[in-house]
Amino acid sequence: MATAAAGALGLLWGWLWSERFWLPQNVSWADLEGPADGYGYPRARHMLSVFPLAAGVFSVRLLFERFIAKPCALHVGIEDSVLYRVESNDTLEKVFISITKYPDEKRLEGLSKQLDWDVRKIQCWFRHRRNQDKPPTLTKFSESMWRLTFYLCVFCYGIRFLWLTPWFWDTRQCWQNYPYQPLSRELYYYYIMELAFYWSLMFSQFIDVKRKDFLIMFVHHLATIGLITFSYINNMVRVGTLVMCLHDSSDFLLEAAKLANYAKYQRLCDTLFVIFSAVFMVTRLGIYPLWILNTTLFESWEMIGPYPSWWLFNGLLLVLQVLHVIWSYLIARIAFKALIRGKVSKDDRSDVESSSEEEDETTHTNNLSGRSSSNGANCVNGHMTGSHWAEEHGTCKAVGNPLFGASPHLQSCD
């Protein structure tokens, strides 16, 4: 029995690491075990070093958020306040959990008669109950500041490293003598740090305040980890560094815009978001297809020819390009609407229920007794509403990048 199980396990292992799938013709794993300059050739066992490093990254994040990000948030006026809890009501809680978080007018009238509550009071209860599930602004600010710091640092490191590499200037060098391309110390650190960061995000999702896009981001991180690992194992690390650096170029701009949004520096937020939109579209619709796809599809075909993992790798990159087009459209629509809203009168904007919800969740007002909120106009600050991205009802949440170091881009801005 044990022999049969061992035999089946051996067959499965051989299938998973089939040289016919992973490597070009006439190349074996044994060929990549030999000595080479630098850190040798990429091997699957190198991935084991990622896990303790990811734990270290997560520890650094906790210290950063507590001793750097939190003081910065307090300095810009974000309050460290206790979340306001709604009045307990079993009937409304059952509707909220089981039926809808956004009751229509007919349901509101029915609940009003059932509970003998004013309709406005019930509306306020649902609004506050929704806000109760949202992470505090201080927490969101700290998370975004950590991501901004990492993305900016890793992008600067990537540019500094790639600037001195031959394949940054001539993409044909990505395939010269492939797969016999030994790792350099800088390349190894770049890949391992990116992968460790995404593993740390995978860990932290289960202990952080859960957001509406939890499942989306879980799949996003899982796909990112899988594809970075995939490109490392079959030694497509040179083109992988180009893809990672390209995507990192817009990550920190979005996080900076979100920080400005949380701090209610709305003009700065709008400016950074427009810059982010421009960089995103130039890199994803221009440089990516003309630079990355050109080398992975045509130059690699000419120099090494196709093989099974080559087809899978390029298929995923083509899917990514389709997603780039979709995301660019969504971002352009958000940016356009944001610019249009900047010209709307203040009185019209004050009617939009925007960042006043975040104000309400930490202030002890009497809205639940039927009095309407007066925070709407005050939170606008004479400019665009503080959560004009979030008003797109989900558009902001999905603009992520499931390949190669893509951040949770335009994930829930709220």
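A: Trp117 is buried, with a relative accessible area of 13%; buried means under 20% relative accessible area, exposed over 50%, and partly exposed in between, with a 1.4 Å probe and protein chains only. The model is predicted, so local features need pLDDT of at least 70 and side-chain atom pairs count only at pLDDT 80 or more, while totals for chains, interfaces and linings use all residues. Residues are numbered from 1 along each chain as its sequence is written, and side-chain values use heavy atoms, with hydrogens and water left out.

Trp117 sits in the loop that runs between α5 (105–115) and α6 (119–132). Helices here are DSSP runs of H or I of at least four residues, strands are runs of E of at least two, and both are numbered from the N terminus. Leaving out residues up to four places away in sequence, Trp117 touches Glu87, Asn89, Leu92, Ser112, Ile122 and Trp125; a contact means heavy atoms within 4.5 Å.

The loop between α5 and α6 also holds Asp116. Asp116 is exposed, at 71% relative accessible area, whereas Trp117 is buried. The phi of Asp116 is near 60°, a positive value in a residue other than glycine. Another positive phi, about 65°, belongs to Lys264, which is not a glycine either. Lys264 lies in the loop between α11 and α12 and is partly exposed, with 27% relative accessible area.

Now the cores. The largest nonpolar core has 82 residues, and Phe197, Met236 and Phe273 have the most contacts inside it. A nonpolar core is a set of buried Ala, Val, Leu, Ile, Met, Phe, Trp, Tyr and Cys residues joined through side-chain atoms within 4.5 Å. Two or more residues of this core come from each of α3 (50–75), α7 (137–162), α8 (166–169), α9 (185–204), α10 (214–233), α11, α12 (266–303) and α13 (308–341). The biggest share comes from α11, with 15 residues. A further core of ten residues lies apart from it, and Val95, Phe96, Ile122 and Trp125 are among its members.

Other aromatic side chains join parts of the chain as ring pairs. The structure holds 33 aromatic pairs; rings of Phe, Tyr and Trp (its six-membered ring) pair if their centres lie within 6.5 Å, and planes under 30 degrees apart count as stacked, over 60 as edge-to-face and the rest as tilted. Tyr41 and Tyr180 make an edge-to-face pair, with 6.4 Å centre to centre and 70° between the planes. This pair links distant parts of the chain, 139 residues apart: Tyr41 is in the loop between α2 (19–22) and α3, and Tyr180 in the loop between α8 and α9. Tyr41 is buried at 12% relative accessible area, while Tyr180 is partly exposed at 26%. Tyr191 and Tyr232 form a tilted pair, at 5.7 Å centre to centre and 45° between the planes. Tyr191 belongs to helix α9 and Tyr232 to helix α10, so the pair ties together parts that are 41 residues apart in sequence. Both count as buried: Tyr191 has 2% relative accessibility and Tyr232 has 0%. Ring pairs also link Trp17, Phe21, Trp22, Trp29, Phe230 and Phe313 into a cluster.

The loop between α8 and α9 contains Pro179 as well. The peptide bond from Tyr178 to Pro179 is cis, with omega near 5°.

For the protein overall, there are 16 helices and zero strands, and 51% of the 414 residues count as buried. Of the contacts between residues at least 6 apart in sequence, 80% join residues at least 24 apart.

Confidence needs a note. The mean pLDDT, the predictor's confidence in each residue from 0 to 100, is 78, and 75% of the residues reach 70 or more. Over residues 343–414, pLDDT stays under 50, and the model has 212 contacts beyond four places in sequence for them. Where pLDDT is low, the predicted coordinates should not be read in detail.
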